[in-house]
Every structure is written in C-alpha cells, then in structure tokens.
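Please walk me through the salt bridges of this model in a viewer. I would like to know what to select at each stop and what is there.

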Amino acid sequence: MQIEIDEISKTFGVTAALTPVSLSIPSGALVALLGPSGSGKTTLLRILGGLEFATSGRVLFDGQDATGLTVQERRAGFVFQSYALFRHMTVFDNIAYGLNARPRAQRPPKAEIARRVTKLLDLIQLPDIGSRFPSQLSGGQRQRVALARALAIEPRMLLLDEPFGALDAKVRKELRQGLRDIHDTTGLTTVFVTHDQDEAMELADLVVVMSMGKIEQIGRPQDIRAKPASAFVKDFIGG
Amino acid sequence: MSDTPNIRFRPVTTEPALVQGLVISGVIAVLAVLLFAPLIAVFYEALSKGWFAAVASLADKESLAAIRLTLTVALVSVPLNAVFGVAAAWLITKYDFRGKAFLITLIDLPFSVSPVVAGLCIVLTFGANTVVGGWLVDAGYPIVFALPGIILASMFVTFPFVARELIPVMIEQGRAEEEAALTLGASGWRVFFTVTLPNIRWALLYGVLLCNARAMGEFGAVAVVSGKIRGQTATMPITIEMLYNEYLSVAAFTLAGVLALLAFVTLGLKTFLEIRHADALAATRRH
C-alpha cells in the first residue's frame with residue numbers, strides 16, 4: 001500500500017512535535033524514520049497507525065483520505081517499543097488476538113485461526129512456543145512474537161517503533177535480517193522508527209532523517225551518505 | 001580454599017542476629033498487645049457463659065437483623081464501589097484531562113474526612129427537612145434513618161479503597177497493551193474485558209476485600225445516618241455498641257466475635273487465592 005503524508009503537523013499543548021511534514025512512501029518499501037529522541041519520528045509513526053491524531057494535514061492510503069480512520073479501521077500492524085505483549089495470555093492467544101477480535105461474521109473458524117497462528121509461528125521460526133507466556137520468553141523471542149501478532153491481522157502496512165531498541169547487539173543483528181526477510185516475503189509497506197543510523201542505513205530502502213519535528217532529508221541510504229543535505233544530517237550519520 | 005581465613009560473610013542487607021532478634025520480638029510484642037490480646041479477649045468474653053449463652057444471644061431477633069443488615073449493606077455498596085473504583089482508576093490512568101489532580105484529591109477525600117462528618121453531610125443533604133429529602137420521604141423512600149442512607153454512608157467511607165489499589169498498578173502497566181489491542185482491531189469494551197481487566201484482577205480483588213472489610217465494620221458515619229433503630233437500622237457495629245452499653249456483654253462480644261470472624265473469612269480468602277495463583281501473580285507482576 002502506498003502512503004502519502006500531506007503537511008502533517010502535531011502540537012502537544014504549546015510544544016510542536018511535528019512542524020508540517022510531507023512524505024511519500026511507495027508501496028512495498030521498507031522505510032526508516034531516523035532521528036534523535038524528540039525529533040518527532042515516533043509521533044509520525046503513531047499518527048500513521050491511528051494512535052495519535054494530527055493537528056493539521058492529511059494521510060492518504062493508496063490515494064484515499066485516511067486521516068479520519070480510527071485505529072481499528074487503519075489495519076496497521078503495529079509493533080511497540082516494549083512489544084506490549086498481553087502478559088496474561090499465551091503466545092498462541094497473543095497472536096490469535098486480532099483474529100478473535102473480528103466481528104463474528106468476519107471471524108475465521110477456530111481451526112483456521114489455529115492454522116494461521118501455526119503458520120506465523122513458523123514464519124518467525126519459533127514453532128514450539130505457542131503455549132508459553134510472554135514472561136517466559138527472551139527479548140528477541142518477544143519481538144518476533146509481537147511481529148507475528150501484528151502480521152496475524154493481515155495488515156495493510158507494518159509499523160514498528162524502535163523494534164530493536166530493547167535488545168543486545170548480537171540479537172539485534174540477527175533480527176534485522178529477520179525483519180528484512182519478513183518484509184520481502186510479505187511485500188508489506190513497512191515503516192520503522194530508529195535512532196540508530198547503522199540500523200537505518202543497513203536495513204531500509206528509504207531513510208527519512210528527522211530532527212526537531214522536521215524532515216531533514218529523504219533518500220536512499222547510499223545517497224544520504226554520499227550527499228548529506230544539511231550539517232545536522234552529516235553530523236548525525238557520521239556519528 | 002581450605003586455607004580461607006575464618007571470616008564469616010553475611011549479605012550487606014542483613015543485620016546481626018541480635019538486632020534481628022530484637023526487631024522480630026519487638027514486632028511480636030506490639031502485635032500481641034494490639035491484636036492478639038484484644039481478639040482473644042473478645043472470644044473469651046463471648047464464651048464466658050458457655051457456648052449455649054453465646055449462640056442464644058445470636059439467635060436474638062435484633063442480632064439477626066443486625067447481621068442481615070450489615071451483609072446487605074456490604075453486598076450493595078461493595079460491588080457499586082468496585083465499578084466506580086475501576087471507572088475512576090481507568091479515567092485517571094488512561095487519559096489526560098484538565099482537573100485530573102483535583103479528581104485524585106476528591107477520591108482521597110473520604111480518607112481525610114471524619115466518618116462522622118460524612119454522616120452529617122448525608123443527613124444535611126437528604127434529611128427529612130431538606131428539599132430533596134422531604135420529597136423522597138413523601139414519595140415513600142426515606143434516605144436518612146433508613147437503608148439507603150446507611151448504604152450511602154458506607155459507600156462514601158469505602159470509596160477510595162478500590163481506586164487507590166488500582167491506580168498504581170494501572171500506572172505501572174501503562175497504556176501499551178491497550179494500544180496494541182486497539183491496533184489489532186479490538187473495540188474499547190473488548191480491550192477492557194480481554195486486556196485491562198485480566199491485568200488488574202489481583203489489585204481489584206484486594207481493593208474489593210479491603211472495601212468489604214471496611215463496609216462491614218464502619219461505625220461513625222453509619223451511626224449518624226442510621227438513627228440506631230433497633231432491629232431496623234442498627235448494623236452489627238452499632239448493635240454491638242448498644243448491647244455493650246446495656247451491660248449485655250455476652251451478646252455484645254458474641255456479635256463482635258462474628259464480625260471478627262467475617263474479617264477472618266476475608267483474610268483467609270485473600271491468602272487462599274494468593275497461594276492458589278502464586279504463579280499467575282508472579283507472571284503479572286514481573287514481565
């Protein structure tokens with residue numbers, strides 16, 4: 001799905017989290033929103049997912065105005081920074097949650113739900129953990145379960161908030177490849193937020209460098225590296 | 001390591017045995033004076049004329065009415081306060097709005113206001129010579145000196161328990177799980193029943209148990225609004241006081257014993273559930 005961000009701004013009280021920003025994300029792209037904390041990248045991601053509403057501006061999905069769509073109507077697979085797994089449910093029930101939450105008429109039968117959950121557990125290469133609880137998983141496993149849970153609703157896009165932030169360096173490297181693979185298999189338009197320039201440069205097709213609620217530069221990793229558009233970008237990706 | 005010098009290490013947070021012993025015996029001494037001795041005295045007095053006299057005093061019409069009234073009050077006010085408490089905690093922890101700090105203060109108000117004052121407020125608002133109260137009396141639904149007033153007073157006094165228990169838990173758990181459920185397509189009610197409620201069920205249970213204990217034991221506020229009509233508006237604590245003032249000590253202490261036993265049931269239930277669900281408790285606390 002193609003995503004168009006048209007002059008989106010967001011203010012919290014008197015502070016501006018986003019000055020009007022515009023961004024066009026081609027269908028099937030893997031995009032990184034890169035910037036230091038306070039740059040507005042998470043706010044932009046949450047606006048896309050419908051968890052936050054823009055003060056002004058529009059969001060278009062495949063050319064259709066999606067600005068007023070509720071969080072449920074957006075059908076965005078969202079992976080939270082701390083994964084936000086339902087702690088009182090097994091991994092299986094976590095992944096099945098979105099399917100079970102559908103209105104009765106659209107809800108797949110139990111056996112079909114089980115089949116899909118099993119398939120997703122295979123996709124994240126953790127076929128045997130369905131009956132465990134989140135507290136019994138490692139950080140990397142939790143992240144993958146969160147990803148599977150988001151994919152279960154057959155989302156129109158995948159939004160990830162610092163998906164590797166809580167992991168140690170070695171696991172982080174492995175899961176980067178995992179996300180790349182899942183993106184390539186599903187072909188979903190994917191947007192992830194990170195403050196780690198290595199991660200953005202290595203993983204994304206398109207990097208959006210943000211600072212103080214503004215977009216500093218949009219480009220392919222090699223272009224940004226070769227021609228930083230501002231002193232900030234040069235400094236940030238150099239560090 | 002056979003040549004390790006004979007040094008005894010102890011964890012830095014542990015005190016020497018002497019200090020430990022002193023602290024523990026100090027606590028036990030205080031508990032004995034404040035808790036065990038009075039409890040034993042209650043049961044001793046209740047049974048001083050034998051089991052038969054104790055049971056006979058309970059079978060008295062007024063005592064039975066008092067027990068029934070107290071249970072009714074708890075049965076009505078505790079569920080209502082549970083619902084209000086959850087709603088208040090939900091509001092405070094999941095939303096940002098103007099006047100939030102004021103709302104938190106309001107919830108705590110019953111803790112800082114003397115129950116007698118609370119009872120007086122209800123009399124002054126709903127008494128027979130006020131506009132509202134007079135109208136309700138004419139309509140056949142008196143509030144003061146009747147069951148509704150007693151329930152109102154008990155609810156006022158026990159209002160903070162559930163909310164106070166829930167707010168810290170809900171703040172600690174944050175909004176992320178609810179947000180995740182929303183992005184997965186769940187409606188607000190579904191999020192509440194499948195995510196929020198299971199996550200707060202232990203805190204809610206504690207709140208309800210505390211609320212229940214206090215609702216059954218409340219004296220001051222109820223004394224003012226009830227009018228202490230024997231066999232009609234006298235709850236257990238009030239009946240106990242009246243019996244005691246009339247030197248009917250067996251009856252008074254037996255009823256007090258029953259009230260204490262009701263508290264034990266509450267405590268026992270809490271402990272039972274804690275042991276039974278120790279794993280689930282640990283899982284929800286540490287994530």
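Over all chains, a search of the whole structure finds 24 salt bridges, each defined as a side-chain nitrogen of Lys or Arg within 4 Å of a carboxyl oxygen of Asp or Glu. This is a predicted model, in which local features need pLDDT of at least 70, side-chain atom pairs count only at pLDDT 80 or more, and totals for chains, interfaces and linings use all residues. Residues are numbered from 1 along each chain as its sequence is written, chains are lettered from A and ligands numbered from 1 in the order in which they are written, and side-chain values use heavy atoms, with hydrogens and water left out.

Select Arg58(A) and Asp65(A): their salt bridge has its closest N and O atoms 3.9 Å apart. Arg58(A) is partly exposed at 37% relative accessibility; that term covers values between buried (under 20% relative accessible area) and exposed (over 50%), with a 1.4 Å probe and protein chains only. Asp65(A) is partly exposed too, at 45%.

Next, select Arg220(A) and Asp223(A), whose side chains form a salt bridge at 3.2 Å, N to O. Relative accessibility is 44% for Arg220(A) and 34% for Asp223(A).

Now select Arg116(A) and Glu154(A), a salt bridge with the closest N and O atoms 3.4 Å apart. Arg116(A) lies in helix α4 (residues 110-123), and Glu154(A), 38 residues apart from it, in the loop between α5 (139-152) and β7 (157-161). Helices (H or I, at least four residues) and strands (E, at least two) are DSSP runs, numbered from the N terminus. Arg116(A) is partly exposed at 21%, as is Glu154(A) at 41%.
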